[in-house]
Amino acid sequence: MTALLEVIGLQVAYGGVLAVRDVSLAVAPGQVTAVLGANGAGKTTTLLAVSGLVRARAGQVLLDGQPLLGRSAERIARLGIAHVPAGRGVFPGLTVADNLRMGLYGAGRDGSADGRAAVEEVLESFPVLRERRDQAAGTMSGGQQQQLAIGRALVQRPRLLLLDEMSMGLSPTVVADLFVLVRRLADEGMAVVMVEQFVGQALKVADEAVVLEQGSVVAAGPPASLSAEDIGAAYLGGTAAGPALPGAPRDARQRLPVSLAGVDVRRLERLAARQGRSPDELAQELLEQAIARSGS
Ligand SMILES: Nc1ncnc2c1ncn2[C@@H]1O[C@H](COP(=O)(O)OP(=O)(O)OP(=O)(O)O)[C@@H](O)[C@H]1O
Ligand SMILES: [Mg+2]
């Protein structure tokens, strides 16, 4: 395969403690690579490093052969990488349509005709979102919100989609539908890297799987090539007894920025707090400014 994304020997540390020690993976257009591993194995950190949301300490990340490390999250989003973070991160008080427009805003596309067409396309392929386009996102079900989070990434028309635990907290039928969607997106030509704890289902749709244990790859290859033992490591890993990094600050995860296609939600939340307003309100205002700028 000719890889679109290549991660080679990636290392990421938090406060001097290695969370990702040695991760390599690749994904080609039309393919799904599943990243598996127990809690704390370094899956989320790997995706964050690809998106430029945490700094790598060593290794390479290449998109079409071009190095990404050191570029800002905004630049990386604009190169065609969309990241759906764990926990979805939709704006609960904004409507479905405005949440989708936030995806454009992050990708620097704002309300241009092309951007509006991208929003319409997503509404077309997600009937649930179309029906609820004027509904506040926070009043939708978990599965609907996950579709919105994925839809918001898709309005960027990404070449590479990064999905972090999209099935978390959802019912089995909703999860099954989401896996079908992922396969369809890949079959249409997108490259997808999917972090999953639904190991069995992930292996069914993936072309390649990578199993991480304590920050390193312990098994990799087409799903059929993985042994039961490899797959066992994806559930249990070596860290089932407790956190791998006792030195890490306990609330560190909460402080991580979560990017919506380059919109740093944590930054937006801080800015809103300083202004004594809600993040939703500020997001709405940014959207209106972006739409006014694009003259639509
Ligand atoms: N911001 C942070 N600061 C310090 N340590 C962190 C931070 N984020 C993650 N870690 C630590 O880095 C290691 C890898 O975490 P990461 O979130 O990448 O794992 P994961 O494989 O996504 O786990 P999970 O399945 O629980 O989501 C863990 O030991 C975790 O405690
Ligand atoms: Mg994670």
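**Figure 1. Confidence and overall make-up of the predicted chain.** The mean pLDDT of the chain is 85, and 84% of its residues reach 70 or more; pLDDT is the predictor's confidence in each residue, from 0 to 100. Over residues 238-259 the pLDDT falls below 50, yet beyond near neighbours in sequence this stretch has 34 contacts in the model. Two residues are in contact if their C-beta atoms, placed from the backbone, lie within 7 Å. Where pLDDT is low, the predicted coordinates should not be read in detail. This is a predicted model, in which local features need pLDDT of at least 70 and side-chain atom pairs count only at pLDDT 80 or more, while totals for chains, interfaces and linings use all residues. Residues are numbered from 1 along each chain as its sequence is written, and chains are lettered from A and ligands numbered from 1 in the order in which they are written. The chain has twelve helices and twelve strands; helices (H or I, at least four residues) and strands (E, at least two) are DSSP runs, numbered from the N terminus. Of the contacts with a separation of 6 or more, 71% are between residues 24 or more positions apart.

**Figure 2. Strand β7 and its two partners.** Strand β7 covers residues 160-164, and five of its five residues are buried. A residue is buried if 20 or more other C-beta atoms lie within 10 Å of its own, exposed if 12 or fewer, and partly exposed in between, with C-beta atoms placed from the backbone. Leu160, Leu162 and Asp164 point one way from β7, and Leu161 and Leu163 point the other way. Strands pair if DSSP finds at least two bridges between them. Strand β6 (residues 81-84) pairs with β7 in the parallel sense over four bridges, and histidine 83 stands opposite leucine 162. Strand β8 (residues 191-195) also runs parallel to β7, joined by five bridges; here leucine 162 stands opposite valine 193. From β7 the chain passes through helix α7 (residues 172-187) to β8 in a right-handed β-α-β crossover. Right-handed means that, with the strands pointing away from the viewer, the path from the first strand over the helix to the second runs clockwise.

Figure 3. Helix α6 (residues 142-154) has 13 residues and reaches 18 Å from its first C-alpha to its last, close to the 18 Å expected. The expected span is 1.5 Å times one less than the number of residues. Eleven of the 13 residues of α6 are buried, among them Leu148, Ile150, Arg152 and Leu154. Arginine 157 is in the loop between α6 and β7 and has a positive phi of about 50 degrees, although it is not a glycine. Arginine 157 counts as partly exposed because it has 17 C-beta neighbours inside 10 Å.

**Figure 4. Aspartate 64 between β4 and β5.** Aspartate 64 lies in the loop between β4 (58-63) and β5 (66-67). Its phi is near 55 degrees, a positive value in a residue other than glycine. With 14 other C-beta atoms within 10 Å, aspartate 64 is partly exposed.

Figure 5. Threonine 46 is found in helix α1 (residues 43-50) and counts as buried because it has 29 C-beta neighbours inside 10 Å. Leaving out residues up to four places away in sequence, threonine 46 touches Val7, Leu10, Val20, Val23 and Val35. The C-alpha atoms of threonine 46 and valine 20 are separated by 6.9 Å, with the two residues 26 apart along the chain.
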